[in-house]
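Morning, everyone. Please look at the screen while I talk. I'll cover a helix pair first, then some charged side chains.

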Amino acid sequence: MPERDESVASVDRSAASLSFSGVAAEEVARAAAQAAFDKKAEDVVVLDLTELSDVCDFFMIATGFNNRQVDTIVDEIEEQVAKACGEHPFSIEGRDQRTWILMDYGSVVVHVFTPEAREYYRLEKLWGDAPQLSLDLV
């Protein structure tokens, strides 16, 4: 078995990544949060996962009152993030059921839930060690 090379530095997870187009991940997360808020989403939060996950840097989580509003919130996020940051999701999952739609922006993963799905999956509890960004949504 080969020896492990200890000279290889570990990845610094304390700083968020830049997107493919060079936009800070935090900026994408904040734009998504504002777009969700603009469409009357409830309990909009952004979790900072930079020190906790190698998969992404931020989760933006929001709740729509029903399937139709969840779909509308996702459309608004897609439009506003493209306008503000020039970013488009790599994929959007869950559009058929519209109870939990996931938008993958690479360093930012957006989750839009119905109230029942958010309570069931409880991402904030699962990622309870993650600090929340302070959001000034207007």
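One definition to begin. A residue counts as buried under 20% relative accessible area, as exposed over 50%, and as partly exposed in between. Keep that in mind. Also, this is a predicted model.

Arg30 forms a salt bridge with Glu26, and their closest N and O atoms are 2.9 Å apart. Arg30 is partly exposed as well, with a relative accessible area of 30%. Now find both in the helix. Arg30 and Glu26 lie in helix α1, 4 residues apart. That spacing is about one turn of the helix.

Next, the helix pair. Two packed helices are described by the angle between their axes and the distance between the axes. Here the two are helix α1, residues 25–38, and helix α2, residues 67–85. They pack at an angle of about 135°, and their axes are 8 Å apart. That angle makes α1 oblique to α2. The crossing of α1 and α2 is right-handed.

Which residues of α1 and α2 meet? From α1, we have Glu27, Val28, Ala31, Ala32, Ala35 and Ala36. From α2, we have Ile73, Glu76, Ile77, Gln80, Val81, Ala84 and Cys85. Sort the residues of this contact by type. You get 10 nonpolar, 1 polar and 2 charged.

Back to salt bridges. How many does a search of the whole structure find? It finds 4. Now look at Arg95.

The side chain of Arg95 meets that of Asp71 in a salt bridge, at 2.7 Å from N to O. Asp71 is in helix α2, while Arg95 is in the loop between β3 (91–93) and β4 (100–104). So this pair ties together parts that are 24 residues apart in sequence. Arg95 is partly exposed, with a relative accessible area of 28%.

Arg95 also forms a salt bridge with Asp75. There, the closest N and O atoms are 2.5 Å apart. Asp75 lies in helix α2 and Arg95 in the loop between β3 and β4, so this pair ties together parts 20 residues apart in sequence. Asp75 is partly exposed, at 38% relative accessible area.

Salt bridges with shared partners join Asp71, Asp75 and Arg95 into one network. That's my tour.

How values were computed
Residues numbered from 1 in each chain as written. Predicted model: local features only at pLDDT ≥ 70, side-chain atom pairs only at ≥ 80, totals over all residues. Heavy atoms only, no water. Axes fitted to C-alpha atoms, helices over the stretch in contact; angles between N-to-C directions. Parallel < 35°, antiparallel > 145°, perpendicular 65-115°, else oblique. Left-handed = near helix turned anticlockwise from the far one by under 90°. Contact = heavy atoms within 4.5 Å. Nonpolar A, V, L, I, M, F, W, Y, C, P; charged D, E, K, R; others polar. Buried < 20%, exposed > 50% of the residue type's maximum accessible area, 1.4 Å probe, protein only.
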